[in-house]
Amino acid sequence: MTDLNADIESLLTENRSFLPPPEFVRQANVNDPLIYEQADANFEEYWSNWATQLDWFKKWNETLDWNPPFAKWFINGKLNVSYNCLDRHLQSGRRNKAALIWEGEPGDWKVYTFGDLHREVCRFANGLKSLGVKKGDRITMYMPMIPELTIAMLACARIGAPHSIVFGGFSSESLRDRINDCGSKILITADGGYRRGQIIPLKKNSDEALEATPSIEKSIVVKRIGEKAKVQMKPDRDIWWDDLVRDAPYTFEAEHMDSEDMLFVLYTSGTTGKPKGVVHTTGGYLTGVYATTKWVFDLKDDDVYWCTADIGWITGHSYIVYGPLANGATTVMYEGSPDFPDKDRFWDIIEKYRCTILYTAPTAIRACMRWGEEYPAKHDLSSLRLLGTVGEPINPEAWIWYHTNIGGSRCPIVDTWWQTETGSILITPLAGLTTTIPGSATKPFPGIRAEVWDANGNPVSPGNGGYLVLTRPWPSMIRTIYGDNERFKEQYWTKYPNTYFTGDGAKIDENGYIWVLGRVDDVINVAGHRISTMEVESALVDHSSVAEAASIGRSDSLKGQAVVSFVILKDAISSSKILEDELKAHVTKKIGAIARPDKIFFTADLPKTRSGKIMRRLLRDIAEGHVLGDTTTLADASAIELLKDQYEDAE
Ligand code: PRX
């Protein structure tokens, strides 16, 4: 655990506040403050009112079955997520409304109406069925940000085959492990994707992964790049997407899924080396993302909503695909990076499609700040009316820059806190109601109970810090870790009985506003992406020259945190710049570029307790140039000072 008090001391004392703009309040989807009390007074009824706004084949007969830590929502209800995202909008006059606006990195683009998307989803569902896919089969996707990814998700949901999406930046080994953990039958990939003008070799990585994935029967490949990708198709395993759907029928009846049937599994880093498969189910998840998209983003029928995340992460699942489409909204999807071909790409996309809502990450905002305000200033951003952020704490300077330069000082900002495990946004302002303070995610969404507790499980008094916990179940909550109920209990429910422990530290202020400080466990948040220190360490010790390794997250003005690794080499191996680069490349190969250490420091010793546990918080003090924290539990207190001096000399 990191030292919470040190974090709180360094937290900026922010006193600028922003009232909801009156013209926004007038038109807001929610502007009655009583909603908080009403939702709190009868949260089951409140959530069941939300669920009623979805289309059910059969209504549930009990709202919640709470047997901590196992929750079931909307018991015996039957519905289909794909039906809710598509079919019901065809019936309500949205057949010819844009559902998905897709922008490719090279500048190609495509618009799918709800009618188009429905047809393509049905065709692909038929294609999957022709390969023998049925309800309950798992399907892994390792794809670029192209429309076929959204189509594949909705087709899986239509059949009732849970998907497992693996971010395209992960390595072939990470892909292989994730396929094997959930025993997927099919892999969907592409011949490649574009990123900063380069081709990402997804098919090549997939081929490597599929050398050791016994459950995979077929691999479906989208032709995104063409000739230049030079892929090899394995005849009895690989099928081109286009061939699969060529003669497929245009309709496919949506499977009647139980509310508690699994919709997807998504792997995320925890405190051990092995990523966890977070399981989300059908009725509760859809209710959570539907409700939060509607209220947090104040979504209206004529909005053009853009979330810049990658669908390989939970933000893309919930707020590019399921939340907006369940609301019948127009959602924008972009394949590439914000600085390609130039640093105004985001602002160009907003101007091109007249986007009204933008949801992005603090790390992207900080990068844009660094590039300068002349880039947004070149574009007409007057269509924007609401801005959001997610993934890590936002520093007040970045918040103010976003507000001024992107929001033209008129757009409210929603700083949304949530996690892969929570499924949907849980702490957030409501733009028509909440006075915002830069850096605070403010208050729990109506119906949610989030509190800050001390180590003994008592709520901390205002001005103090502690652990962020969730004290009441919510519909889109994680149901379990795939195949591992014990790890699920151990990970989230043992610190405090019957209470979900988020792994985050937070502070609560006099107004009851929550300030999320960041992880207090061995998870690093690099550019809004979760990486476990253990994963990086396992990758390092896998290298033949490494005897021992410890990794920490060092504050980084751009990425929030950056990985720094301390490495003890095996006897007879000497350190060198070449070896440092080789180790960085090794981590990239084992996990993916997001886990690549920024710095590797070779050392002869690591600070350990008498029981042999590495004290990472001291390594963090060293890497961040802080005075060393409490060293009394160290087995050998003299070595740490030496390590600090050596590190500082090398900087
Ligand atoms: O530490 C918190 C941070 O991101 C973690 C969740 O990461 P992940 O499951 O990858 O999901 C990211 C997108 C939902 C949290 O435990 N985090 C997320 N949003 C915020 C945040 N920290 C501070 N403020 C936020 N708004």
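Strands, at least two residues long, and helices, at least four, are DSSP runs numbered from the N terminus. The model described here is predicted. On this numbering, Pro69 sits in the loop between strand E1 (62–67) and strand E2 (70–75). A cis peptide bond links Pro68 to Pro69, with omega at about 0°.

A cis peptide bond also joins Phe340 and Pro341. Here too, omega is about 0°. Pro341 belongs to the loop between strand E17 (330–334) and helix H13 (345–353). Another backbone feature concerns Thr442. Its phi is positive, at about 70°, although Thr442 is not a glycine. Thr442 lies in the loop that runs between E20 and strand E21 (450–453).

Strand E20 (413–416) also takes part in the ligand site. Together with helix H12 (314–326) and strand E25 (514–519), each supplying at least two residues, E20 contributes to the shell around the ligand. The ligand is surrounded by 17 residues. The closest are Asp415, Thr416, Thr420, Asp504 and Arg530. By class, the shell comprises 6 nonpolar, 6 polar and 5 charged residues.

A polar backbone atom of Thr416 is 2.7 Å from a ligand nitrogen atom. In the side chain of Thr420, an N or O atom is 2.6 Å from an oxygen atom of the ligand. For Arg519, an N or O atom of the side chain is 2.9 Å from a ligand oxygen atom. Taken alone, the ligand exposes 540 Å², and the protein buries 96% of that area.

Helix H6 (residues 114–130) packs against helix H7 (residues 147–159) at an angle of about 65°. The axes of H6 and H7 are 8 Å apart. The crossing of H6 past H7 is right-handed. From H6, the contact residues include Leu117, Val121, Phe124 and Leu128. By class, the contact of H6 with H7 has 12 nonpolar, 1 polar and 3 charged residues.

Helix H5 (residues 81–91) packs with H7 as well, at an angle of about 115°. The axes of H5 and H7 lie 7 Å apart. Val81, Ser82, Tyr83, Cys85, Leu86 and Asp87 of H5 meet Leu154, Ala157 and Arg158 of H7. This contact holds 6 nonpolar, 1 polar and 2 charged residues.

Methods. Residues are numbered from 1 along each chain as its sequence is written. This is a predicted model: local features need pLDDT of at least 70, side-chain atom pairs count only at pLDDT 80 or more; totals for chains, interfaces and linings use all residues. Side-chain values use heavy atoms; hydrogens and water are left out. A residue is near a molecule or strand if one of its heavy atoms lies within 4 Å of it. A polar contact is a pair of N or O atoms within 3.5 Å; within protein, one must be able to donate a hydrogen and the other to accept it, and residues adjacent in sequence count only if both atoms are side-chain atoms. Accessible areas come from the Shrake-Rupley method with a 1.4 Å probe; for residues, only the protein chains shown count as cover. Ala, Val, Leu, Ile, Met, Phe, Trp, Tyr, Cys and Pro count as nonpolar, Asp, Glu, Lys and Arg as charged, and the others, Gly among them, as polar. Axes are lines fitted to C-alpha atoms, for helices over the stretch in contact, and angles run from 0 to 180 degrees between N-to-C directions. A crossing is left-handed if the near helix is turned anticlockwise from the far one by less than a right angle, and right-handed if clockwise. Contact means heavy atoms within 4.5 Å.
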